[in-house]
Amino acid sequence: MMEVKEQIHVIDNQVTVEEIIKDIVKTKEILDPFYVFDVGDLVNKVIKWQQTLPHIKPFYTVKCNDNSLVLEILAVLGINFNCSSKGEIKKILDLGVNSSRIIFSNPAKIASHIKYAKSTCINLTKFDSKWELFKIKSLYPSCELLIELSYGAQCPLGIKFGCNPLTEAPSLMAMAYSLGLSVVGVSFQVDSKYNEPTIFRKAITASAHIFKIGQIIGFKNMRLLSIGGGFPGNKNTSLDNDITDIVNDTLNKWFPPNNGVTIIAEPGRYFVASAFTLSTKIHSIKNHSNDENHIKYFINDGVYGSFNNILYDHSVVVPKSLYEFPMRPIFQSSIWGPTCDGLDQVVKFVNMPLMEMGDWIVFEDMGAYTISIASKFSGFSLPKIFAVANDSIWKYLKNSTSISESYFSTMPIIAVIKTMRSESSEDDHTWNENDL
């Protein structure tokens, strides 16, 4: 394991994330946005996967959330990893994870990254074009390959990557065989926000036909199917849904147990989305220039920071006042980020109680495609992350994994915050990497 840089604060079993946020805010030491990372939520997602889909091996998509504690916890719980670059591969290897637990998933790889994968014995990658086959043949001909099929996605992943299973895949398989490369399976990606779960049925069925084509061509070692991501992870979602039913039914039809094919998946948001809650502070207020009944609230995080998921992941975030204000009137409102950019709009329209400067707005389900993409554009700092685990989760991790006791702190978060030194005035406080 890596040297401990962040600690998990142990809390009582009855304490909620909302209560933790309120305690942090009450200290008046925190003025910047911050996350509360509920470790128990992540651990329970792993347990749920193992119970619901025990025959499918998950390879966590690192780009979804590369927080070091997330990766370390998943590693000790036996989760494998889906990496798309040299940097992500190195980050996972530095955790002590064996290279056999890593897929180099990028279908269009930089040459130096292929060489690095070879040097570290990462022996499984993807392709979706003849040019990628030529590159692999030249740089890493012994690497085992998955052919990447293109299927529906709300984000432009399906436009950028994947080959057509009918018009392109057969010829690419034949070319790989002629080059002496080893195709061992098929992969596809379905975005978790795709609104048609039956796309899984179509993709798995198409994959089965590609397996048959591969065997006819001469690939005798076709043994791996990746069904990608596509498993939602927000608080109001569950693995017990239509997607899981369709996946299980279709796999049983085309890839029944004991047929020699290992089924893997590459979930990202399923594991981390609901584990992170973001708290933001209102720093400015104004009325809409064309509507006096519409109020604009300006918060200290925006689309160039944590809310980049609005631009890149088509997320719809739901604001919630940290405190209830039953006596305040309700107004049509919009929420804006802190930069001087008109694009920096977090929520276009929402009915909210009349808020005041200094009030806090909370956003749940902020663990996926937020932290890993956030920037310091225009000089704004990134949110601090406070990781917490209740006593039951602490004992579970201690008793069932190799995670070190040094990862946990029984010192209350509030006590830790109060020992921090502010390097600037209270009204201009920013975090730096040495704050905690």
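Mentor: A nonpolar patch is made of residues that have over 30% relative accessible area and no salt bridge, with nonpolar side chains joined within 5 Å. The model before you is predicted. In it, Leu311, Tyr312, Leu343 and Ile373 make a nonpolar surface patch of about 370 Å². Let us examine one member, leucine 343, which is found in the loop between strand S14 (330-336) and strand S15 (345-353). Its relative accessible area is 47%, so leucine 343 is classed as partly exposed, a term used for values between 20% and 50%.

The C-alpha atoms fill a box of roughly 70 × 55 × 40 Å along the principal axes. Of the 436 residues, 53% count as buried.

Let us now turn to the aromatic rings. Trp49, Tyr60, Phe81, Phe188, Phe200, Phe231, Tyr270 and Phe271 form one aromatic cluster. The structure holds 18 aromatic pairs. One of them joins tyrosine 60 and phenylalanine 81, whose ring centres are 6.5 Å apart and whose planes make an angle of 85 degrees, an edge-to-face arrangement. This pair links distant parts of the chain, since tyrosine 60 belongs to strand S3 (residues 56-61) and phenylalanine 81 to strand S4 (residues 80-83), 21 residues apart. Tyrosine 60 has a relative accessible area of 0% and is therefore buried; phenylalanine 81, also at 0%, is buried too.

Phenylalanine 200 and phenylalanine 231 form an aromatic pair that is tilted, with 6.0 Å from centre to centre and 45 degrees between the planes. Here, too, distant parts of the chain are linked: phenylalanine 200 lies in helix H9 (residues 199-217), and phenylalanine 231 in the loop between strand S9 (224-226) and helix H10 (242-254), 31 residues apart. Phenylalanine 200 is buried at 1% relative accessible area, and phenylalanine 231 is buried at 2%.

Finally, two aromatic rings have a charged side chain over the face. Lysine 109 lies over phenylalanine 104, at 5.9 Å from the ring centre, and arginine 328 lies over phenylalanine 325, at 3.5 Å from the ring centre.

Technical notes
Residues are numbered from 1 along each chain as its sequence is written. This is a predicted model: local features need pLDDT of at least 70, side-chain atom pairs count only at pLDDT 80 or more; totals for chains, interfaces and linings use all residues. Side-chain values use heavy atoms; hydrogens and water are left out. Rings of Phe, Tyr and Trp (its six-membered ring) pair if their centres lie within 6.5 Å; planes under 30 degrees apart count as stacked, over 60 as edge-to-face and the rest as tilted. Helices (H or I, at least four residues) and strands (E, at least two) are DSSP runs, numbered from the N terminus. Buried means under 20% relative accessible area, exposed over 50%, partly exposed in between (1.4 Å probe, protein chains only). A charge sits over a ring if NZ of Lys or CZ of Arg is within 6 Å of the ring centre and within 35 degrees of the ring normal. Patches are made of residues with over 30% relative accessible area and no salt bridge: like charges are joined within 9 Å, nonpolar side chains (Val, Leu, Ile, Met, Phe, Trp, Tyr) within 5 Å. Accessible areas come from the Shrake-Rupley method with a 1.4 Å probe; for residues, only the protein chains shown count as cover. A salt bridge is a side-chain nitrogen of Lys or Arg within 4 Å of a carboxyl oxygen of Asp or Glu.
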